Amino acid sequence: MSIIADYISKKNKTNERVLSVFLTAGFPDKDSFVDLALKILDSGADMLEIGFPFSDPLADGPVIQHSSQIAIENGINLNETFNLVRKIREGTNKPLIMMGYANPVLSYGMNKFANDAKSAGVNGVIIPDVPIEEYDNFFKDHFVGLDTILLITPTTSNDRIKAIDEKSSGFLYCVSVSGTTGAQQKGKSTSLDFIKRTSLITKKNNTLVGFGISNENDARAFAPYCQGIIVGSAVIKSLMNDDKSYSNTLKLVAALKKGLSS
Amino acid sequence: MSLSTNYNFPDDNGRFGKYGGKFVPETLITPLQELEKVYNELDNDPQFHNELDKLNKEYSGRPTPLTFAEGLTNYFNRGKIYLKREDLCHTGAHKINNALGQILLAKKLGKTRIIAETGAGQHGVAVATVCAKFGLKCFIYMGEVDIERQSLNVFRMKLLGAEVIPVSSGSKTLKDATNEAIRDWVTNVKDTHYIIGSVVGPHPYPMIVRNFQSVIGIEAKEQIQKVEGRLPDYIVACVGGGSNAIGIFFPFINSGVKLIGVEAAGYGINTSKHCATLTLGREGIFQGMKTYLLQNDEGQVSEVHSISAGLDYPGVGPEHSFFKDEIIADYFSVTDDEAIRATELLSQKEGIIPALESAHAIAYLNYLMPETAKEEIIIVNVSGRGDKDLNTIKNSLGY
């Protein structure tokens, strides 16, 4: 059983769509990060994806590349990320996910990573450069108890969507556009077609849609066709220029959640 | 194409032992599968091989000579040294071998837009060249540091009609240019083919690039048989990503020939300014592949250095990682200074100005030759010519 899947289903039963917010660990500031994370949850986020930085983030656009770079400069590594997550966990019962690339995990030690994640209160992991071809070699038994959330994209065939749905746990991360994080929607109707196609094929998982969702209107457009949305670059971008109390970012989070419920 | 006996890598999962694989975002999996399928079709199609052979011969100038290096042989006064002359290829380096193969592949895939990364600019020039010939739009990613030190090649690419896109992220060199090229591919995958320049990246690229480059070794094998009536004792090649080395090594696997790869030690392997990946790296996952990687304790990729832009890369082709562990080849490194002195040596003993990359292979002869006997035969792969490096060489030698 999955804490994340149960949480999403419970919300959906009351006709609510979930909002998952991506934050880069220790960005923009290490000392205030726990406070920021908890305020984002209070402002309407249902769960958090905490990114641990990597020097060469292939799947990310300029905004998250920048935040990763700052995080590394702020001394964030996996140990520090676990410390931050542990403190966030003390203040919330909502699902917490860690997201990042394969190499820091491999370097940390697979077994140690899985154990430390669980003891810090992490519910699931997303590693975008581990596709199903590499899944069995990468996520060994020690990942039991952690959801391993997989991604599908507009280039994923129907057969692959089935196979990925089968392997994924927690939810299915539906990347709405071909591109890196922060990509612009080229045509919302194409993305919606893909999401509708997905919803007909998937059996096991709830679908959360991410990439290219940056405001309340986007949230409103996607809400009817999925169980929730993921917002990353738009939030990171807002944090780059925000005041000390992050008031604009918290307003953005509240607006996104509002878009999902109206 | 199985050229070597008892050697069947990569396996069906794109692995060379534990190395290789496909560590990429989901968006790229379907295009990689399509690429593999179309490549396999072409590889079994005699017409494709005829077309490529014809281009190699009539456009690129293959076969490249195997030159007996009499001056260099006399200088060391030990074994006989031959040079495989990839510097004489059209565009001045072995990179054209892969570019020609992949442009045919791109046409077959129906792609209209070509992207590539480049370090020294030799791969960028080769791709710009084949795009001009075949009438495809061409975009070359190049780190800002490399744009500065290889400005002549930047101009060549522009003259050939390519757009050179400066990369300002990270160390602003080959690694970062590769990241940007992959990000472009993720975004424009529908109409775009990515011509990767070395035996790196996700499967099937390391295999495809190896197979297109193995023309170097196939020719060298025939040529040395013809002049010496036997195989050589040693083959020496420089290794950055490792495509010229794999190209000349591959047909000699399991044939008793000692295969030696030479990495860039930069300021020295006791400093942090080098890119001797196989010498000092450890297993990592980087740019789509599991391979040896220069990284810190936390798995962040190291900032590396070589005087030669083409070797200035923290990773290495996964097949080289496999060769190292299985002792199919041995890997050593030489410094910037040694490479510069070897450039001078080859220029003055043979009248051949090598690329700084290739000069690393020449430099290793200082270590190898004293160990050889007079009757032994050494082939060094001169992967490219040094015209592009004249500014760097001039600054280093100071005359």
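Student: In this predicted model, which residue in strand E2 of chain B stands opposite B:Phe16?

Tutor: B:Phe16 stands opposite B:Tyr19 in E2(B). In E2(B), B:Gly20 is likewise opposite B:Arg15.

Student: Why are E1(B) and E2(B) called paired strands?

Tutor: Pairing requires at least two bridges between the strands. E1(B), residues 15–16, and E2(B) have two bridges, in the antiparallel sense.

Student: What marks B:Gly17 in the hairpin of E1(B) and E2(B)?

Tutor: B:Gly17 takes a positive phi near 60 degrees. Two residues lie between the strands of that hairpin.

Student: How do you know that E2(B) pairs with E12(B)?

Tutor: The same test applies. E2(B) and E12(B) run antiparallel and are joined by two bridges, and at least two are needed, so this is a pair as well. B:Phe23 has B:Gly288 in E12(B) as its bridge partner.

Student: What makes E1 and E11 of chain B edge strands?

Tutor: The open sheet has four strands in the order E1-E2-E12-E11 (chain B), with antiparallel pairing. E1 and E11 of chain B each pair on one side only, and these are the edge strands.

Student: Why is E2(B) described as largely enclosed by the rest of the structure?

Tutor: A residue is buried when its relative accessible area is under 20%. Five of the five residues of E2(B) are buried, so the strand is largely enclosed.

Student: Why is the pair B:Glu26 and A:Arg160 called a salt bridge?

Tutor: The cut-off is 4 Å between a side-chain nitrogen of Lys or Arg and a carboxyl oxygen of Asp or Glu. In B:Glu26 and A:Arg160 the closest N and O atoms are 2.9 Å apart, so the pair qualifies. The rule finds three salt bridges across the interface of chain B and chain A.

How values were computed: Residues numbered from 1 in each chain as written. Chains lettered and ligands numbered in written order. Predicted model: local features only at pLDDT ≥ 70, side-chain atom pairs only at ≥ 80, totals over all residues. Heavy atoms only, no water. Buried < 20%, exposed > 50% of the residue type's maximum accessible area, 1.4 Å probe, protein only.
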